[in-house]
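This report describes a single protein chain for a reader who is new to structural work. Please keep the sequence and the 3D view open while reading.

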Amino acid sequence: MALTDLTRQAVLEAIAEFDRLGRDRFLQTYKFGRALSYFIDYDGRLYDSKAIAGYAHGLIPGQRRWSTDDFTGGEKSVARHLRDRLGFIMQVRKNPDWNRDELILACDLVYTNSWRELRAEYAEVIELSALLRRHWAHPSAERMETFRNPNSVGRKTTDIATAHPDYRGAPTRGGRLDREVLAEFLADPEEMHRQAGALRAAIHAGPIDQTWVLDSSDPDLDGASAQEGGLLERLHLRRERDRGIRNKAVKAYKRKHGHVACEACGFDFAVAYGPRGEDYIECHHKVPLSESGATTTRVSDLVLLCSNCHRMIHRSRPWLTFDELVDLLAIRRTSPTPTF
């Protein structure tokens, strides 16, 4: 028995049987599991590559239908044969990589378990799996059936636990972002535990505006925040851009000072740009969501900042506080002017 016995016609007949029965019945009848990554793409439909090859083998004169145990190679070797020898279009699908928010939640499990991994059958893993499958960070079209299932969550806790500096065995093959999030937990576990709690609450609350939340092109977010998660950052910025509370903050400041200017550096858009800059300013929420939770924003929670100062606060983690930004500006003003 060999994959080289397969013919294109036998595979096409297997595809026809798949269409006749439907996927679930085909796999159940011929005792194959669902494909994990490799699919035949034929006439715009996807077919489980191993199941199709196994059924097709039984259509060859003198051969029998294969079962899962008859394959000596994995899905990849079957897919290569179907593509290179028989000319079928193959599609490789996999679950999206874990983003930073998801890793914070997984790392928090390991942290609360004294930096030990958690198995798939643990209640905490099953609960987190359900939460991540509910999370809207990855569109449903990008998800496989195994997306963030308990096995994958348990495996990720192993990646994190074995990357801990006190672990004495060989680490598993975790990614760069796993190690970065672990380092953040080791540096400030209480803050990261708070972030995990805020993330859980935000996911349970659901997206207010799904299209906005999924947008990763926000210029106020640094590259890492935009590309690797940043749900709390997005919700924080959304809160800052609420037009109603912003207008109240601007009016309150103008009543007190007679004009609108950056509370950190004093920049006044109207002075710089004339009428075009009148009353223009950005708002910054002084307390991050990880600390405040889902509270109603009050005018006293906001400070008015020019675009430059606002960007400097949000440029990288950890964000500067408003007081830290003011102190930084004061130091720079009293320092000798650098020469380049």
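**The chain as a whole**

The model is predicted. The chain holds 17 helices and five strands. Of its 340 residues, 43% are buried. The accessible surface amounts to about 18,800 Å², and carbon and sulfur atoms account for 50% of that area. Among contacts between residues at least 6 apart in sequence, 66% join residues at least 24 apart.

Confidence is described by a mean pLDDT of 87, with 89% of the residues reaching 70 or more. Over residues 209-229, however, the pLDDT is below 50.

Helix α9 covers residues 189-205, which is 17 residues. The distance from its first C-alpha to its last is 24 Å, close to the expected 24 Å. The buried residues of α9 are E191, M192, Q195, A196, A198, L199, R200, A202 and I203. Just after the helix, G206 adopts a positive phi of about 85°.

One of these buried residues, I203, is touched by H135. H135 is located in the loop between α6 (123-134) and α7 (150-163). Is H135 buried or exposed? Its relative accessibility is 3%, and because the limit for a buried residue is under 20%, H135 counts as buried. Leaving aside residues up to four places away in sequence, H135 touches R143 and L231 as well as I203.

**Salt bridges**

The count of salt bridges comes to 20.

| Pair | Closest N and O atoms |
|---|---|
| R64 and D70 | 3.0 Å |
| D84 and R83 | 2.7 Å |
| K254 and D279 | 3.0 Å |

The surroundings of these residues can be described in turn. R64 is partly exposed at 43% relative accessible area, whereas D70 is buried at 18%. D84 is exposed at 53%, and R83 is partly exposed at 42%. K254 is partly exposed at 30% relative accessibility, and D279 is partly exposed at 29%.

Salt bridges also link R23, D24, R34, D48 and E145 in a network.

Notes: Residues numbered from 1 in each chain as written. Predicted model: local features only at pLDDT ≥ 70, side-chain atom pairs only at ≥ 80, totals over all residues. Heavy atoms only, no water. Helix = DSSP H or I, 4+ residues; strand = E, 2+ residues; numbered from the N terminus. Buried < 20%, exposed > 50% of the residue type's maximum accessible area, 1.4 Å probe, protein only. Contact = heavy atoms within 4.5 Å. Expected span 1.5 Å × (residues − 1). Areas by Shrake-Rupley, 256 points an atom, 1.4 Å probe, with all protein chains shown as cover. pLDDT = per-residue confidence, 0-100. Salt bridge = Lys/Arg side-chain N within 4 Å of Asp/Glu carboxyl O.
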